[in-house]
Amino acid sequence: MTLRISVIGTGYLGATHAACMAEFGHQVIGLDIDPDRVKKLNAGQSPMYEDNLEPLLERHTATGRLRFTTDYAELADWADVHFLCLGTPQGPDGAADLGQLESATRSLAPLLTRPTLVVGKSTVPVGTAVQLRALFQQLAPAGEQVELAWNPEFLREAFAVEDTLRPDRIVFGTDDGAGLELLREVYALPLSEATPVVECDYATAELIKTAANAFLATKISFINAMAQMCQAAGGDVTLLADAIGHDRRIGRQFLNAGLGFGGGCLPKDIRALATRADELGVGVLSDFIAGVEAINTGQRLEMAEMAVDQLAGDVTGKRIAVLGASFKPGTDDTRNSPALTVATALAERGAEIVVYDPQARVDWPGMSQASSVIEALTGADLVLHLTEWPEFRQLDPEQLAPLVTNRIVIDGRLKLHAPTWRRSGWKVVQMGRAATL
Ligand SMILES: NC(=O)C1=CN([C@@H]2O[C@H](COP(=O)(O)OP(=O)(O)OC[C@H]3O[C@@H](n4cnc5c(N)ncnc54)[C@H](O)[C@@H]3O)[C@@H](O)[C@H]2O)C=CC1
Ligand SMILES: O=C(O)[C@H]1O[C@H](OP(=O)(O)OP(=O)(O)OC[C@H]2O[C@@H](n3ccc(=O)[nH]c3=O)[C@H](O)[C@@H]2O)[C@H](O)[C@@H](O)[C@@H]1O
């Protein structure tokens, strides 16, 4: 059945969600307070680099099944279901800043005069849904006929469309089942028989989301701690990850050692979980997360130190080529990018940083942006491989060797084929691997 769907907030999550809801056959209006974003989306263009998103936006805006607005009045009483896809960035005290969610609620709720379902998709601290439901019912003329559900999202940037069209699982958090029937209809088209659906209360739904991100972060920090052991003892962390990953109970994914995790989600979500755990007196969880974070921060610091060591303890005036600026390959997102943290640390110590990234634009103090790998490497005293775009793996070290002042590369993502680079006279230093491997 075709439903009328509104999607409020059209960033990484909302733009994808709106396009995919249209792909499922629903009528969709997306809303954002940013008029430039709305204009771009209405022209069928993606505001960010995300594979497969633009074709969906183009197709569905062209047919009129999908459109975007800045005006809450256009969608308030029009939609059967409103999805909240607002940002929940990290606040100054580590807790999630719920300002965007609250502001959207204050704009939408007073316009709701008929029964409707509001569905939260943002990642929020446990306890948020109960409060938001109360606010909606208090502010809406329709009062208790406005229901709220929590349907957290698990998509990965760079695979956002694929993950939305074919999710690993769907979670419906409700207050005693209110709104469940409608939610099942919304997702009736995409769900294959095999897609697990978890129906639960608000608190469980909120916690499932943050637990998933905390577990992924834990896997990465664990393998990075093992990488340090490998480095200290002369082992190879990649072979170690392959070997333990063969055990189906462990699995190979998220065991890639190196610079660690960044992005707009994992770092802020685990911090918010730790803060909420402290508020609820669950110190054992916040202590655990503090360990995960400390390892992650340590990797970035260690990388910067490795760079300084390779330049005899002083980077002042040295030209350092940085390959990769986005927080991971496949996106132009630089939020909490490990690569840029390292680059900034070295710029602050006086290095001249030249960054090349296939998609991300960098406008940071102390750094310039090259338009090609060759431009970045020309005259470089040191090369850092910090985000593992597939094209960096294809580089020909023989061709690059004459460009640089020193043939030294530090591979912060353990993805370069070190023996090939060494054959062309490069010194290759890999985090988590002994120098001989
Ligand atoms: N980025 C991702 O891959 C994923 C994000 N999430 C969660 O989804 C939520 C959104 O994340 P992103 O899309 O990355 O954030 P974002 O910052 O890219 O998007 C938020 C959008 O909301 C708009 N906005 C702000 N205030 C508004 C208001 N009052 N009314 C209407 N629009 C408003 C902003 O202009 C912006 O376009 C967060 O809670 C995040 O943790 C969940 C899964 C994946
Ligand atoms: O809540 C969110 O917003 C999303 O956060 C992550 O998705 P994303 O931030 O797009 O990126 P990931 O693919 O998880 O990568 C996160 C970081 O971990 C790093 N990483 C990943 C895997 C690995 O083995 N090692 C490693 O260092 C990446 O380089 C990247 O910096 C989760 O994977 C999604 O399921 C979740 O929906």
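**Ligand surroundings and annotated binding sites**

The structure is a predicted model, in which local features need pLDDT of at least 70 and side-chain atom pairs count only at pLDDT 80 or more, whereas totals for chains, interfaces and linings use all residues. Residues are numbered from 1 along each chain as its sequence is written, and chains are lettered from A and ligands numbered from 1 in the order in which they are written.

Glutamate 157 occupies the loop between strand E6 (146–150) and helix H7 (160–165); helices (H or I, at least four residues) and strands (E, at least two) are DSSP runs numbered from the N terminus. Beyond its neighbours within four places in sequence, glutamate 157 makes contacts with Tyr12, Glu50, Thr331 and Asp333, a contact being defined by C-beta atoms, placed from the backbone, that lie within 7 Å. The loop between E6 and H7 also holds leucine 155. Leucine 155 is buried, with 20 other C-beta atoms within 10 Å. Apart from neighbours within four places in sequence, the contacts of leucine 155 are Leu13, Thr16, Ala160, Asp163 and Thr164.

Around ligand 2 there are 22 residues, of which Glu157, Asn256, Phe261, Cys265 and Lys328 come nearest; a residue is near a molecule if its C-beta atom, placed from the backbone, lies within 6 Å of it. Two or more residues of this shell are given by each of helix H9 (202–233) and helix H11 (266–279). The most comes from H9, with three residues. By residue class, the shell around ligand 2 comprises 10 nonpolar, seven polar and five charged residues, where Ala, Val, Leu, Ile, Met, Phe, Trp, Tyr, Cys and Pro count as nonpolar, Asp, Glu, Lys and Arg as charged, and the others, Gly among them, as polar. Domain 1 (4–195) and domain 2 (199–437) each contribute at least three residues to the shell around ligand 2, the domain bounds coming from an automatic or database assignment.

The shell around ligand 1 contains 26 residues, and Gly9, Gly11, Tyr12, Gly87 and Ser122 come nearest. Helix H1 (12–23) and helix H5 (99–108) each provide at least two of the residues around ligand 1. This shell consists of 10 nonpolar, 11 polar and five charged residues.

An unreviewed UniProt entry carries the annotation "binding site" for Asp32, Arg37, Thr88, Thr123, Glu157, Lys268 and Arg335; such annotations may be inferred rather than shown by experiment. These positions span 304 residues in sequence and their farthest two C-alpha atoms are 24.0 Å apart, so they do not all gather at one spot. Aspartate 32 is located in the loop between strand E2 (27–31) and helix H2 (35–42). Aspartate 32 is buried, having 23 other C-beta atoms within 10 Å. Leaving out neighbours within four places in sequence, aspartate 32 contacts Gly9, Thr10, Arg37, Val38, Phe68 and Thr70.

Phenylalanine 254 is placed in the loop between helix H10 (237–245) and H11. Phenylalanine 254 is partly exposed, with 16 other C-beta atoms within 10 Å. Excluding neighbours within four places in sequence, phenylalanine 254 is in contact with Leu216, Lys219 and Ile220.

Methods: A residue is buried if 20 or more other C-beta atoms lie within 10 Å of its own, exposed if 12 or fewer, and partly exposed in between; C-beta atoms are placed from the backbone. Two residues are in contact if their C-beta atoms, placed from the backbone, lie within 7 Å.
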